[in-house]
Amino acid sequence: TSETNNSIVTEFIFLGLSDSQELQIFLFVLFFVFYGGIVFGNLLIVITVVSDSHLHSPMYFLLANLSVIDLSLSSVTAPKMITDFFSQRKAISFKGCLVQIFLLHFFGGSEMVILIAMGFDRYVAICRPLHYTTIMCGNACVGIMAVAWGIGFLHSVSQLAFAIHLPFCGPNEVDSFHCDLPRVIKLACTDTYKLDIMVIANSGVFTVCSFVLLIISYTIILMTIQRRPSDRSSKALSTLTAHITVVLLFFGPCVFIYAWPFPIKSLDKFLAVFYSVITPLLNPIIYTLRNKDMKTAIRRLSNRLGTFTYIA
């Protein structure tokens, strides 16, 4: 029995993605490969940015931090989801569930701030190029990261405050593969209508406001690019396309999960898989394929590693 919230529930049981044994084997192989790609792709970006002096700029500093957060966000849920495919009883302790909720919102909130910072970086670079080095200086980048982690922490603490004192007195089956606040609070032995409203007011408003701010920023940037000669705007447009794609991939599922007042269980489960596994896998691919500087830097890194191997 947890003394913290006066409940008799000491663990939660995940219903997972499927009851079919054959489908679970297929999903295990699929998500094992996906998670391997997430680890490899995001670590490749971090190592490339850190090791290549040509990428020591604000945009790539933010990109490397985005990769760290993508890898961390996926690692909160993906490893347990993968191992649970072979578990008859997909259980997580009450404290483990709270930790998942905390980390999901910590990394998710931080990622939203970093995506806003990346949008601001592109805005300054394209719309205020003469002031770029002054505005996006080293101290500013470090400050942005401190704000991102700080907001992520405050956001996750506020989410945890909703759940930690709820009374859980019986139902403990979570119809998902991980713990998240909208699903867990529905198991509480109390009226959760007000809590649902508070979750929408907290996570939902935070998500929607961030998304709207980014859409306005990228619209202004696109309008600025259209007024430029085509030869000067092509590289900026290519980079911007990658940024917009990543924003849509991340915010799309989050808006439906946290801000949509009429949740659909099957759709929520798919969207949870999407933002915790698919998006962290696609981000490195998008930024690598759409960015010539990154592709060139990866080739240089590969050549250096090949040289070191030959010497060894």
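Author: Let's start with Cys169 and Cys189, which form a disulfide with their sulfur atoms 1.7 Å apart. Please keep in mind that this is a predicted model. The torsion about the S-S bond of Cys169 and Cys189 is about -115°, so this disulfide is left-handed. To find the two ends in the chain, look at the loops: Cys169 lies in the loop between α5 (138-163) and β3, while Cys189 lies in the loop between α6 and α7 (193-226), so the pair ties together parts that are 20 residues apart in sequence.

Are these two cysteines buried or exposed? Cys169 has a relative accessibility of 42%, so it counts as partly exposed. Cys189 is also partly exposed, because its relative accessible area is 33%, and buried would mean under 20%.

Now for the other bond. A disulfide joins Cys97 to Cys179, with an S to S distance of 2.1 Å. This pair links distant parts of the chain: Cys97 sits in helix α3 (residues 94-127), Cys179 sits in the loop between β3 (173-174) and α6 (181-184), and 82 residues separate them. Here the torsion about the S-S bond is about -120°, so the disulfide of Cys97 and Cys179 is left-handed. As for accessibility, Cys97 is at 1% and therefore counts as buried. Cys179 is at 0%, so it counts as buried too.

That brings the count to 2 disulfides. If you number the bonded cysteines of the chain in sequence order, the pairing reads 1-3, 2-4.

Some cysteines need a separate word. Cys137 is in no disulfide, and the nearest cysteine sulfur, that of Cys141, is 7.1 Å away. With a relative accessibility of 29%, Cys137 counts as partly exposed. Cys254 has a relative accessibility of 4%, so it counts as buried.

Let's return to α3, the helix that holds Cys97. Helix α3 has 34 residues and reaches 49 Å from its first C-alpha to its last, close to the 50 Å expected at 1.5 Å a residue. Of those 34 residues, 26 are buried, so α3 is largely enclosed by the rest of the structure. One of its partners is α5: the axes of α3 and α5 come within 7 Å and cross at roughly 145°. This crossing of α3 and α5 is right-handed. Sorted by class, the contact between α3 and α5 has 18 nonpolar residues, 7 polar residues and no charged ones.

The unreviewed UniProt entry annotates several stretches as "transmembrane region", among them residues 59-78, 98-120 and 132-152. In the model, residues 59-78 are 100% helix and 0% strand, with their end C-alpha atoms 28 Å apart. Residues 132-152 are 90% helix and 0% strand, and the C-alpha atoms at the ends of this span lie 26 Å apart.

Ile25 is in helix α1 (residues 21-51). At 41% relative accessibility, Ile25 counts as partly exposed. Ile25 and Pro79 are 54 residues apart in sequence, and their C-alpha atoms are 15 Å apart in space. Val208 lies in helix α7, and its relative accessible area of 34% makes Val208 partly exposed. From Val208 to Ile298 there are 90 residues in sequence and 35 Å in space, C-alpha to C-alpha. Arg299 has its place in helix α10 (residues 292-311). Arg299 counts as exposed, since its relative accessibility is 51% and exposed means over 50%. Although Arg299 and Thr48 are 251 residues apart in sequence, their C-alpha atoms are 9.6 Å apart in space.

Key:
Residues numbered from 1 in each chain as written. Predicted model: local features only at pLDDT ≥ 70, side-chain atom pairs only at ≥ 80, totals over all residues. Heavy atoms only, no water. Disulfide = S-S within 2.5 Å. Helix = DSSP H or I, 4+ residues; strand = E, 2+ residues; numbered from the N terminus. Buried < 20%, exposed > 50% of the residue type's maximum accessible area, 1.4 Å probe, protein only. Expected span 1.5 Å × (residues − 1). Axes fitted to C-alpha atoms, helices over the stretch in contact; angles between N-to-C directions. Left-handed = near helix turned anticlockwise from the far one by under 90°. Nonpolar A, V, L, I, M, F, W, Y, C, P; charged D, E, K, R; others polar. UniProt positions renumbered as here; feature names shortened; annotations may be inferred.
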